[in-house]
Amino acid sequence: KNPSPASLIAMRLLALLAWTVTGACAMSSLTLGRTHMTVKLRDDKVLYKPKEGMMSATYPVFEFDKAEWDRLVGEAMDGMVIEYDVESHSSSTSAGGEGAVPEGGFTHPYTKCKIKNVVKPLPKSNKT
């Protein structure tokens with residue numbers, strides 16, 4: 001028996017969603033902020049933790065290769081935009097310690113990134 005037109009549409013939508021989720025779409029980007037607190041050097045990698053020092057239910061971590069970071073980014077600056085491809089992604093949850101815990105616990109998404117492009121912020125002009 002042949003699938004109905006509605007079934008064909010549903011299958012095509014699911015295929016499109018799977019294609020998008022697997023990274024077949026455009027590269028991602030992030031804008032660095034509070035770099036004095038959010039950019040961490042760890043051996044052969046650089047970690048960007050945008051929610052470091054903030055109260056949140058989600059604490060994402062972006063991992064970059066240190067040699068690649070040194071070559072393409074150099075010194076991190078607030079407002080710098082990093083365009084990247086996702087090499088891998090995982091997520092975990094934790095119950096947390098003392099204090100208020102969000103329903104379902106804290107979420108820790110971890111994304112390993114390959115830098116494609118860096119856009120440095122324009123220097124601030126001194127207006128008098």
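Begin by selecting Leu30, Leu32, Phe64, Trp69 and Ile82: among the 16 residues of the largest nonpolar core, these touch the most other members. A nonpolar core is a set of buried Ala, Val, Leu, Ile, Met, Phe, Trp, Tyr and Cys residues joined through side-chain atoms within 4.5 Å. Buried denotes under 20% relative accessible area, exposed over 50%, and partly exposed in between, with a 1.4 Å probe and protein chains only. In soluble globular proteins, nonpolar side chains tend to be buried together.

The model on the screen is predicted: local features need pLDDT of at least 70 and side-chain atom pairs count only at pLDDT 80 or more, while totals for chains, interfaces and linings use all residues. Residues are numbered from 1 along each chain as its sequence is written, and side-chain values use heavy atoms, with hydrogens and water left out.

Next, colour the elements that give two or more residues to this core: strand 3 (45–48), strand 4 (61–65), strand 5 and strand 6. Strand 6 gives the most, with three residues. Helices (H or I, at least four residues) and strands (E, at least two) are DSSP runs, numbered from the N terminus.

Move on to Val46, which lies in strand 3. Is Val46 buried or exposed? Val46 is buried, because its relative accessible area is 0%. Apart from neighbours within four places in sequence, its contacts include Val39, Leu41, Phe62, Phe64 and Trp69. Select Lys66 as well: the C-alpha atoms of Val46 and Lys66 are separated by 5.4 Å, although the two residues are 20 residues apart along the chain.

Six strands form an open sheet in the order 1-5-6-4-3-2, with mixed pairing. Strand 1 (28–31) and strand 2 (39–42) are the edge strands, each pairing on one side only. Two strands pair if DSSP finds at least two bridges between them. Strands of a sheet pair through backbone hydrogen bonds, either parallel or antiparallel.

Finally, follow strand 5 (residues 81–94). With strand 1, strand 5 pairs in the antiparallel sense over four bridges. Here Ser28 has Tyr84 as its bridge partner, and Thr31 stands opposite Val81. With strand 6 (residues 106–119), strand 5 pairs in the antiparallel sense over 13 bridges; one place to look is Asp85, whose bridge partner in strand 6 is Lys114.

Key: Contact means heavy atoms within 4.5 Å.
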